[in-house]
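User: I would like to learn how to read a few local features in a model. Can we take them one at a time?

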Amino acid sequence: MNILIVGTGYVGTTTGLIFSEMGHQVTGLDLDKNKIKALKAGQLHFYEPGLEDLLSKHVTAETIKFTKKAKKAIKENDVIFICVGTPKGTDGSADLTYVKSVAESIGKYMNRYKVIVTKSTVPVGTADLVTKWITESQEDPIPFDVVSNPEFLREGSALQDALNPDRIVIGATSEKARAIMKELYKDFNCPIVETNPKASEMIKYAANSFLAMKISYINELARVCDVLKINVNEVSRGMGLDHRIGPHFLHAGLGYGGSCFPKDVTALIQIAKENETALTILEKVVQVNEALPLTLIEKLKQALGGDLTNKTIAILGLAFKANTDDTRESPSLILIDRLKAEKGKVRVHDPIVKLDGPPEQFPSIEETVAGADALIICTDWEVYKHLDWASLKPLMGQPNIFDGRNMLDKEIVEGLGFHYVGVANH
Ligand code: UGA
């Protein structure tokens, strides 16, 4: 099949490459000429393990092409995936400006029956809106169907997740479109959930919000465990072995960040409000998450005599989680802002992320921790697990480790003379 992917971010690029891998002819369309230039040259404009090799393979084989020319791309393709961003609007709801503009271009340029698929996470009812926007932009009435087919891949393991999904959700109202979608996914070995577009749109928000709720649950429980001197990691393990609960997303730490959970939880709360109902449980999920960096600052103050003025704090990790260069809504950046407000001196390190401006960033961990009154592990990069703590200790001003990801072996670092504070890591 000829597939057009509109929007070449994480989701769009990965989705396109997976379809190329499945034997389809794919075109990636984006307005950003720098992205298109890089992708045409086989270069990814973001960090995602394994994806660049696949990109270069399919660019060379010409099974994926990239373009800025919307009119030609829309005319030539039969299935169009909308993978553009849906950022958080001022009231917390998802901003559909980019989705609308893509729908209008499709309406304007379409020349024959097409299936238009929303892959971006969009509010309940968006498939109907896309249908309306396309219809209103058409000069002549040409038939089409809009399908909701949310994506569940994670940054950092995008390729693996997209190739081996737990399920594929197809929200369609027409049998013709449903059959085309099933044909497209016929080589995937997982259950297909067939439903209507609204339920499909809700499934995506419900899944992300549930995972965020699990994280906030364990983080709030960690606060209680901390007071009771209980190791929350052991509690997670003991809980997670219950099949009804499961072991995933029960890792206590600095809270969830990234471009999805914070945005989607707020959007779902907003959807409930707009429909004169409420999701109070999710309101609490957000509150718990937002309080986590502040709790760590309080612990830091306690360890450093109550005041952070002119204290040197080394931050290990800027990405919102390991294996990505994405810093959107990263707990690390929230902490850095807070430390600056408290007049602390911040030195930062990340193995992949390069900041454009301050705070001062160092290429090595040794330089980053030099003279530091404390270091905070903010991102669960594997490299931070295996540091030579014995040789780092003499470089620091004071041997304080704040482990925001509960990654280190407390006994080992305490045995070396560090003052260690984890997240209820007793
Ligand atoms: C998330 C979902 O997991 C994907 O299924 C979904 O497709 C994606 O959002 C999306 O909507 O596009 P992602 O944001 O890439 O994926 O990252 P996750 O691996 O889910 O992690 C989210 C945040 O939760 C990170 O900040 C991570 O550090 C944190 N987290 C995760 C915890 O604090 N504890 C845990 O136990 C697990």
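**Reading the local features**

Analyst: Start with a side-chain pair: Ser 93 and Asp 91 make a polar contact of 2.6 Å through their side chains. A polar contact is a pair of N or O atoms within 3.5 Å; within protein, one must be able to donate a hydrogen and the other to accept it, and residues adjacent in sequence count only if both atoms are side-chain atoms. This is a predicted model: local features need pLDDT of at least 70, side-chain atom pairs count only at pLDDT 80 or more, and totals for chains, interfaces and linings use all residues. Residues are numbered from 1 along each chain as its sequence is written, and side-chain values use heavy atoms, with hydrogens and water left out.

User: Where is Ser 93 found? Is Ser 93 buried or exposed?

Analyst: Helices (H or I, at least four residues) and strands (E, at least two) are DSSP runs, numbered from the N terminus. Ser 93 sits in the loop between β4 (79-82) and α5 (97-109). Buried means under 20% relative accessible area, exposed over 50%, partly exposed in between (1.4 Å probe, protein chains only). Ser 93 has 17%, so it counts as buried.

User: Which residues are in contact with Ser 93, leaving aside neighbours within four places in sequence?

Analyst: Contact means heavy atoms within 4.5 Å. For Ser 93 the list is Pro 87, Lys 88, Ala 267, Gln 270 and Glu 274.

User: Now the ligand. How many residues surround it?

Analyst: A residue is near a molecule if one of its heavy atoms lies within 4 Å of it. Here 20 residues surround the ligand, and the closest are Phe 152, Leu 153, Glu 155, Lys 204 and Asn 208. The largest share of the shell, three residues, comes from α9.

User: Which backbone atoms lie by oxygen atoms of the ligand?

Analyst: A backbone N or O atom of Phe 152 is 2.7 Å from a ligand oxygen. For a polar backbone atom of Glu 155 the distance is 2.8 Å. For one of Leu 250 it is 3.3 Å. Taken alone, the ligand exposes 710 Å², and the protein buries 90% of that. Accessible areas come from the Shrake-Rupley method with a 1.4 Å probe; for residues, only the protein chains shown count as cover.

User: Last, the backbone. Which peptide bond is cis?

Analyst: Read omega. The bond from Pro 358 to Pro 359 is cis, with omega near 0°. Pro 359 lies in the loop between β10 (345-349) and β11 (360-361).
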